[in-house]
Amino acid sequence: MGVYSDGFVQVGDRAAVLGFVGAPWTIATYIVEGGTTRTYTTIKRMCHTSPHVLRALLSHLAQAITEYIVFQVESGAHCIQIFDSSGGQLTPEMWEHRSKPYIEEIVRVVRKKCPKTPLVLYINGNGGLLERMKGTGVDVIGLDWTVNMADGRRRLGSGIGVQGNVDPAYLFSPLPTLTEEIQRVVRCAGPRGHILNLGHGVLVRTPEEAVAHFFDVSKTLKYDAPQNHAIEEPKLVA
């Protein structure tokens, strides 16, 4: 079981263990481009010049990623996040054909083998893809910091959870400013179905005390219970 089972034993029941994988399209970009890229021209050209080769690669990756998710769950992961970090580099139409079907296939198989495991989908630069992301069948949509949390909630509806979306750069700001932004995001997300997180990963040279502050503030936030449930909305208590 390796690292995941060891980590699960160490954590025990004190916290949730989160697993993660890259989406087929994102991993394929590294394979085809030979590393990181800003333009994605090689793989985008491949969509039109060698589509059958690309489809075969994406299908193979989808199968391998599915097996890896199941391995993580069997090793103790409570939740899995799928990162399609390069998906936002596609037009919505291209994402619909080159990425979404393979994510849907992963979700379909994982649902059968690990029906109780929540699945989160994150795409960097996903403002134009939110409704399409919802169609993959995942439980939670991760919003990056360029999407207004209230707008994202409105577009996705109440039937699916959201995650995010504090701008990672706020961790370089004065701590009171960071506190205000955390509270704003939580307030916009509402009292149900929100996983507070950054809108992307922690940036290089982020002050450790800011990360600790993020967690400390998060643990203090709660919504009060309205006296009249039929009329009043829960309010954030900071």
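Analyst: A term to begin with: two strands pair if DSSP finds at least two bridges between them. Helices (H or I, at least four residues) and strands (E, at least two) are DSSP runs, numbered from the N terminus. This is a predicted model, where local features need pLDDT of at least 70, side-chain atom pairs count only at pLDDT 80 or more, and totals for chains, interfaces and linings use all residues. Residues are numbered from 1 along each chain as its sequence is written, and side-chain values use heavy atoms, leaving out hydrogens and water.

User: Fine. What is the strand order in the open sheet of six strands?

Analyst: The order is 1-2-3-4-5-6, and the pairing is parallel.

User: Which strands stand at the edges?

Analyst: Strand 1 (18-22) and strand 6 (194-198); each has a single partner strand, so one side of each has no neighbour in the sheet. From one strand to the next, the twist averages 25°. Axes here are lines fitted to C-alpha atoms, for helices over the stretch in contact, with angles from 0 to 180 degrees between N-to-C directions.

User: What does helix 4 touch on the sheet?

Analyst: Helix 4 packs against strand 1 and strand 2 (79-83), and its direction makes about 170° with that of strand 1. Contact means heavy atoms within 4.5 Å.

User: How many bridges join strand 4 to strand 5?

Analyst: Three, between residues 140-142 and residues 161-166. Isoleucine 141 stands opposite valine 162 there.

User: Switching to the core. Which residues touch the most other members of the largest one?

Analyst: Ile69, Met133, Ile141 and Ile182, out of 55 residues. Helix 4 gives the largest share of this core, eight residues. A nonpolar core is a set of buried Ala, Val, Leu, Ile, Met, Phe, Trp, Tyr and Cys residues joined through side-chain atoms within 4.5 Å.

User: And leucine 54, buried or exposed?

Analyst: Buried, because its relative accessibility is 0%. The cut-offs are under 20% relative accessible area for buried and over 50% for exposed, with partly exposed in between (1.4 Å probe, protein chains only). Leucine 54 sits in helix 4 (residues 51-74). Leaving aside neighbours within four places in sequence, leucine 54 contacts Trp25, Ile43, Met46 and Cys47.

User: How much of the whole chain counts as buried?

Analyst: 43% of the 238 residues. The chain has 10 helices and eight strands.
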